[in-house]
Structures are given as structure tokens and as C-alpha cells.
Amino acid sequence: FDGEVARFIPLAGPKHVAAVRLGASYVDSADRDRVPFYFLPYVGGSDTVRGLVEFRYRDENLAFLNAEYRWGVHKYVDVVPFFDAGKVAQDWHDINFQKMKTAYGVGVRLHSDSHVFFRTDIGTGSGEGTNVFVKFGPSF
């Protein structure tokens, strides 16, 4: 099961927006019907915790948080400082706010009036170096 919610809060007009996203995944696999590791939920990369390399931590359960401040510096360009946190665990009861992997950084979004078509993010703070992600499409 996967779930995700996002909220976009205008702060001072359309050029200043706070964006928050929460996500969770739960895998209920029997002993003989294990989910292959490459299908397990993960923390790390441009979709979860941007201070970690892509697919860094995997397990059966996942929770993550992304918070962004989207500042429109030009009609088609946003500068985006962000904070991310996430955690994976074998047991759902171990998913909590203790010992979450965290990261922070800044990104740039190029967009039209209705669609982000290019973004780059530089994330760090996780204790695992600095990561640069270049994607074609929105973060969330």
C-alpha cells in the first residue's frame, strides 16, 4: 500500500508558496511470497530524501516528509530551499520520528504557467555527502 498527501500554502502572493508532502508505504508479504528487494520502498534520491543517493535505504515500510519554500524569482523560474526526512523499517511499528534520515538543500525549477518541465536539486546534510539531481518534471 502506498499513500501520499501534499499541501501547497500561498504565503505572500503567488510568488511565495510553502509546499509540504507526506508519504508512506507498507508491504505485507508472507514468508514464502517475499517482495523482491528492487520493488521495496526506499529512502534516498530525488523523490524522497535528496541528501541521499538514489535508492539508498530499502525495507518493507517507509515514511517520508518533504518541505519546500518555492520562491518565484522570475515568471518562469523558482528557487526552492527544502528540507527532507525519511525512514524505512522492517516492522511498521518502527516507523517514527526517531533517527530519521534528514537532508536540506536548494533547487531551481523552470516552468510554464502550468507545468514544471525541468528541475535541479542539490541536497546535503545527511552525513553522506552532497548529491545533485537533474529531472524533467515536478518534484511533487
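## Overall form

The radius of gyration used here is taken over C-alpha atoms, and the globule rule it is compared with is 2.2 Å times the number of residues to the power 0.38. For 140 residues, a compact globule would have a radius of gyration near 14 Å; this protein has 16 Å, which agrees. Keep in mind that you are looking at a predicted model.

Along its principal axes, the C-alpha trace spans about 55 × 30 × 25 Å. How many of the 140 residues count as buried? The share is 39%, where buried means under 20% relative accessible area.

## Strands and their sheet

The protein has nine strands and zero helices. Read along the sequence, that gives the pattern β-β-β-β-β-β-β-β-β.

Strands of a sheet pair through backbone hydrogen bonds, either parallel or antiparallel. Here, seven strands form an open sheet in the order E1-E2-E5-E6-E7-E8-E9, and the pairing is antiparallel. E1 and E9 (131-135) are the edge strands, each pairing on one side only. From one strand to the next, the twist averages 15°.

For one of these pairings, find E7 and E8 (residues 116-124), which run antiparallel and are joined over eight bridges. Within this region, histidine 111 stands opposite valine 116 in E8.

## The largest pocket

Rolling a probe the size of a water molecule over the atoms shows where empty space is left. The largest pocket has a volume of about 410 Å³. Its lining is made of 18 residues, and those nearest the centre are Pro14, Arg70, Asp78, His111 and Val116.

Which strand gives the largest share of the lining of the largest pocket? That is E5, with three residues. Sorted by class, the lining has five nonpolar, seven polar and six charged residues.

## The second largest pocket

The second largest pocket holds about 200 Å³ of space. Of the 17 residues that line this pocket, Asp2, Ser25, Pro41, Leu62 and Phe64 lie nearest its centre. Strand E1 (2-10), strand E2 (16-26) and E5 are the elements that give two or more residues to the lining.

The largest share of this lining, four residues, comes from E2. By class, the lining of the second largest pocket divides into ten nonpolar, three polar and four charged residues.

Methods:
Residues numbered from 1 in each chain as written. Predicted model: local features only at pLDDT ≥ 70, side-chain atom pairs only at ≥ 80, totals over all residues. Heavy atoms only, no water. 1 Å grid on protein atoms, 1.4 Å probe; cavity = no way out; pocket = protein on both sides within 12 Å on 5 of 7 lines; lining within 4 Å. Points joined across faces, edges and corners; volume = space filled by probe spheres on them. Nonpolar A, V, L, I, M, F, W, Y, C, P; charged D, E, K, R; others polar. Pairing = 2+ DSSP bridges. Axes fitted to C-alpha atoms, helices over the stretch in contact; angles between N-to-C directions. Buried < 20%, exposed > 50% of the residue type's maximum accessible area, 1.4 Å probe, protein only.
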